[in-house]
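Please look over the sequence and the 3D structure below.

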Amino acid sequence: MPDRRLFRLNDMMLAIDHIDALLASTGIEALRDDVVRRAAFERFLEILSEASRSLGDELKQSEPDIPWRRIADIGNHLRHAYHRVDLEILWAIWEDGELARLRVASERMVRRVEEGD
């Protein structure tokens, strides 16, 4: 049976890929005015957050530079404090390359899981 962490890592990488595609051709002002695109961005971040919770502490500890607590917290914030979401913060997560770094870390974790580490 496949390791469930591989499914979650794939979910995370796919969410990041979708966010990249969604935001690559837009700016924050256009995103602010496009309620559907913004909702998709937030939903992909929720999926990413939820999937990260299923990786297990040992695997997450193999990538100590990733802010795992923040990743989990953003999902909670999007679900429970949706009326106070700061688009600038969400945009910065993407624009500053945090998701790109998480994508690379996820690829390394996939290799670790596949190699049985």
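Glu-46 is buried, because its relative accessible area is 16%. Here buried means under 20% relative accessible area, exposed means over 50%, and partly exposed lies in between (1.4 Å probe, protein chains only). Glu-46 is found in helix H3. Leaving aside neighbours within four places in sequence, Glu-46 is in contact with Leu-78 and Arg-79. Contact means heavy atoms within 4.5 Å.

This is a predicted model, in which local features need pLDDT of at least 70, side-chain atom pairs count only at pLDDT 80 or more, and totals for chains, interfaces and linings use all residues. Residues are numbered from 1 along each chain as its sequence is written, and side-chain values use heavy atoms, with hydrogens and water left out.

**Helix H3**

Helix H3 covers residues 35-52 and has 18 residues. Helices are DSSP runs (H or I, at least four residues), numbered from the N terminus. From first C-alpha to last, H3 reaches 26 Å, close to the 26 Å expected at 1.5 Å a residue. That expected span is 1.5 Å times one less than the number of residues.

Which residues of H3 are buried? They are Phe-41, Glu-42, Phe-44, Leu-45, Glu-46, Leu-48, Ser-49, Ala-51 and Ser-52. What covers them includes H1, H2, helix H4 (57-61), helix H5 (68-80), helix H6 (87-95) and H7.

Leu-45 also sits in helix H3. Leu-45 counts as buried because its relative accessible area is 3%. Leaving aside neighbours within four places in sequence, Leu-45 is in contact with Ile-19, Ile-74, Leu-78, Leu-90 and Leu-99. Leu-45 and Leu-78 are 33 residues apart in sequence, yet 8.4 Å apart in space, C-alpha to C-alpha.

**How the helices pack**

Axes are lines fitted to C-alpha atoms, for helices over the stretch in contact, and angles run from 0 to 180 degrees between N-to-C directions.

| Helix pair | Axis distance | Angle |
|---|---|---|
| H1 and H3 | within 8 Å | roughly 160° |
| H1 and H7 | 10 Å | about 155° |
| H3 and H6 | within 12 Å | roughly 65° |

Take H1 and H3. Their axes cross at roughly 160°. That makes H1 roughly antiparallel to H3. Angles over 145 degrees count as roughly antiparallel, under 35 as roughly parallel, 65 to 115 as roughly perpendicular and the rest as oblique. H1 passes H3 in a left-handed crossing. A crossing is left-handed if the near helix is turned anticlockwise from the far one by less than a right angle, and right-handed if clockwise. On the H1 side, the residues that meet H3 include Met-12, Ile-16, Ile-19 and Leu-22. On the H3 side, they include Phe-41, Phe-44, Leu-45 and Leu-48. The residues of this contact divide into 13 nonpolar, 2 polar and 3 charged. Ala, Val, Leu, Ile, Met, Phe, Trp, Tyr, Cys and Pro count as nonpolar, Asp, Glu, Lys and Arg as charged, and the others, Gly among them, as polar.

Now H1 (residues 4-23) and H7 (residues 98-115). These two pack at an angle of about 155°. That makes H1 roughly antiparallel to H7. The crossing of H1 past H7 is left-handed. Among the contact residues of H1 are Leu-9, Met-13 and Asp-17, while those of H7 include Leu-102, Ser-106 and Val-110. By class, this contact has 11 nonpolar, 1 polar and 5 charged residues.

H3 and H6 also cross in a left-handed way. Arg-38, Phe-41, Glu-42 and Leu-45 in H3 meet Leu-87, Leu-90, Trp-91 and Trp-94 in H6. By class, the contact of H3 with H6 has 6 nonpolar, no polar and 2 charged residues.

**Other positions**

Where is Thr-26 placed? Thr-26 lies in the loop between H1 and helix H2 (28-33). Thr-26 counts as buried because its relative accessibility is 17%. Not counting residues up to four places away in sequence, Thr-26 touches Leu-31, Arg-37 and Trp-91.

Helix H7 holds Arg-112. Arg-112 is partly exposed, with a relative accessible area of 22%. Arg-112 and Ser-62 are 50 residues apart in sequence and 9.1 Å apart in space, C-alpha to C-alpha.

Ala-100 lies in helix H7 too. At 44% relative accessibility, Ala-100 counts as partly exposed.
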